[in-house]
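Hi,

Here is the structure I promised to pass on. Have a look at it first, and my notes on what turned up follow below.

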Amino acid sequence: MAQRVLVVDDDRTVSDVVCRYLEHAGYEVSHVADGLAALEAVQDRPPHLVVLDLMLPGLDGLQVCRRLRERPDGVPIIMLTARGDEADRVLGLQLGADDYLSKPFSPRELVLRVGSVLRRAGEPAAPAAELLVDAGLEVATGPRIARLHGRELALTLREFDLLAHLMRHPTRAFKRTELLERVWGWNFGDQSTVTVHVRRLREKIEDDPAEPRRIVTVWGVGYRYEPADA
């Protein structure tokens, strides 16, 4: 059965091209042109992935992203933006978007990004029996559940995979480019994606995100996970 992709964009020219390329790649594609219609479409028939434009009439893409992240199913989101301001892209990632592309973009690249995100969503990050534990933080990679002191954490797809990868390789420093390739599955892309996801993870797992003790910065390199019992 074909995976369902919902395209949310009020630019008819862009949406027609995006839908055509995604359909040609084998996806079942539906399209809406505003934020409220997007929320209704997701509620009526949840897609496997949402391609979401930032600039929408009425309810904008950031508001839609925030509302979608309140759902328990964690539907993956790829955000499209015509804005040149990096702050808008970073905010989208902070709200839980799994990826973004800036307009104008290559439709072929979008199809590749959709495939990469869906593969990550559909496969376990590690063998089902694996349980990563450190000082009250538990990550079960089979059911994809993370808990801190018994409280389940609301992690996005990429946040979960990033945390599991870092915990699986304690004390090892990873470059941002390495994390993009190993967690996102890309050998290209904006490294600020990694930075934003690390920031979001710290807000969820650190006692003091401003002074992180678990996910620490290795200056000039990237990041490493520092076990409490090390």
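Strand 10 and strand 12 (residues 222–225) run antiparallel to each other, joined over two bridges; strands here are DSSP runs of E, at least two residues long, helices are runs of H or I of at least four, and both are numbered from the N terminus. Strands count as paired if DSSP finds at least two bridges between them. Across from Gly222 in strand 12 sits Lys175.

A word on the source: this is a predicted model, with local features needing pLDDT of at least 70 and side-chain atom pairs counting only at pLDDT 80 or more, while totals for chains, interfaces and linings use all residues. Residues are numbered from 1 along each chain as its sequence is written, and side-chain values use heavy atoms, leaving out hydrogens and water.

Back to the sheet: it is open, with three antiparallel strands in the order 10-12-11. Strand 10 (174–175) and strand 11 (215–218) are its edges, each pairing on one side only.

Now the core. The largest nonpolar core has 26 residues, and Leu137, Val139, Leu162, Leu163, Leu179 and Ile215 have the most contacts inside it. Such a core is a set of buried Ala, Val, Leu, Ile, Met, Phe, Trp, Tyr and Cys residues joined through side-chain atoms within 4.5 Å, where buried means under 20% relative accessible area (1.4 Å probe, protein chains only). Helix 6 is its top contributor, with six residues. Another core, of 24 residues, lies apart from it and includes Leu59 and Val196.

Cheers

How values were computed:
Buried means under 20% relative accessible area, exposed over 50%, partly exposed in between (1.4 Å probe, protein chains only).
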